[in-house]
Amino acid sequence: MNRILTVYALLAGAVMLIPREGFTMNDSADAKAPVVVYPAPADEKPCDLYTLKVNGQPVFVYQARVSAKPLNKMWTGEQRPLDQTELAGFATWDMAGPVEVEVVSSRPAGEVIIRPLRLGIKPEVSGNRITFKLDAPGPVVVEVDGIHGALHLFANHLETGAPAPDAPGVRYFGPGIHRPGRIELKSNETVYIAGGAVVHGVIHAADAEHVRVMGRGILDASTFERRDRSNIR
């Protein structure tokens with residue numbers, strides 16, 4: 001399924017320090033810090049542009065569609081034609097300290113840039129293998145020979161404070177694929193999307209306060225046409 005990265009939200013929230021069923025933690029002796037990885041739903045098609053490991057642990061790379069052209073045209077809010085898009089990859093994990101990241105590109109890597117440049121990350125490149133150290137959680141983008149087909153990486157802090165599935169006022173989406181459509185939130189309600197969950201839907205809250213959307217999963221609104229305002233108003 002094609003997704004638009006701008007509406008394919010990786011939700012940062014607070015999580016728990018104790019591993020739960022459904023994800024794995026790398027605690028090998030040579031690991032620089034614990035890494036929490038959430039397995040993707042079985043029906044998810046991986047991005048074939050890259051494979052990824054963090055501290056030697058495989059991390060699933062999702063695929064999404066992003067704008068390819070025209071790069072300098074202001075977006076008007078309408079659905080972008082398919083021929084103006086391209087595939088990109090993105091991945092997410094939780095970490096407690098510095099980690100070693102290994103990216104294998106499907107094509108030979110010439111010039112590789114890690115953004116944001118202010119982090120000063122200088123990757124080592126050998127053929128199509130790219131390695132670099134990430135000192136702290138935060139988003140980075142790996143560009144291989146230009147901006148097209150980039151790999152977007154979302155490194156989070158270890159999660160704390162995740163609600164119980166049956167907690168009052170919580171709409172809880174566990175690992176797997178969910179298709180709730182439009183989700184209406186009232187005051188004092190929470191949507192929690194667990195790591196390993198992909199929720200196809202949109203969230204709407206009118207005249208509501210103290211609402212939260214949290215978790216390590218993915219909220220995917222790409223199945224709704226941008227011009228279909230009935231789903232977002």
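Me: How do strands E9 and E12 run where they pair, parallel or antiparallel?

Reply: The general idea: strands of a sheet pair through backbone hydrogen bonds, either parallel or antiparallel. Strand E9 (residues 112-115) and E12 run antiparallel, joined by four bridges. Ile113 stands opposite Glu143 in E12. Keep in mind that this is a predicted model, where local features need pLDDT of at least 70, side-chain atom pairs count only at pLDDT 80 or more, and totals for chains, interfaces and linings use all residues. Residues are numbered from 1 along each chain as its sequence is written, and side-chain values use heavy atoms, with hydrogens and water left out.

Me: What do "strand" and "pair" stand for here?

Reply: Strands (E, at least two residues) are DSSP runs, just as helices (H or I, at least four residues) are, and they are numbered from the N terminus. Two strands pair if DSSP finds at least two bridges between them. This protein chain has 19 strands and zero helices.

Me: Which strand does E12 join through five bridges?

Reply: That's strand E13 (residues 151-157), and the two run antiparallel. Val140 has Leu153 in E13 as its bridge partner. E12 and E13 form a hairpin with six residues between them, and Asp145 in the turn has a positive phi of about 55°.

Me: Why is E12 described as largely enclosed?

Reply: You look at burial: a residue is buried under 20% relative accessible area, exposed over 50%, and partly exposed in between (1.4 Å probe, protein chains only). Strand E12 (residues 138-144) has five of its seven residues buried, so the rest of the structure largely encloses it. Across the 233 residues of the protein chain, 45% count as buried.

Me: Where can I find a parallel sheet?

Reply: Look at the three strands in the order E14-E16-E18, which form an open sheet with parallel pairing. Its edge strands, E14 (170-173) and E18 (212-215), each pair on one side only. Strand E16 (residues 190-193) pairs with E18 over four bridges, and Tyr192 stands opposite Met214 in E18.

Me: How many salt bridges are there in the whole structure?

Reply: Side chains of opposite charge can pair when their charged atoms come close. A salt bridge is a side-chain nitrogen of Lys or Arg within 4 Å of a carboxyl oxygen of Asp or Glu. A search of the whole structure turns up five. One of them joins Arg129 and Glu102, at 3.1 Å from N to O. Arg129 lies in strand E11 (residues 129-134) and Glu102 in strand E8 (residues 99-105), so this pair ties together parts that are 27 residues apart in sequence. Arg129 is partly exposed at 39%, and Glu102 is partly exposed at 22%.

Me: What about Lys133 and Asp135?

Reply: Their side chains also meet in a salt bridge, 3.7 Å from N to O. Lys133 is partly exposed, with a relative accessible area of 39%, while Asp135 is exposed at 52%.

Me: Which residue forms a salt bridge with Arg182?

Reply: It's Glu184, with the closest N and O atoms 2.5 Å apart. Arg182 is partly exposed at 29%, and Glu184 is partly exposed at 40%. The side chain of Arg182 also has a polar contact of 3.0 Å with that of His204. A polar contact is a pair of N or O atoms within 3.5 Å; within protein, one must be able to donate a hydrogen and the other to accept it, and residues adjacent in sequence count only if both atoms are side-chain atoms.

Me: Is His204 buried or exposed?

Reply: His204 is buried, with a relative accessible area of 17%. You'll find His204 in strand E17 (residues 197-204).
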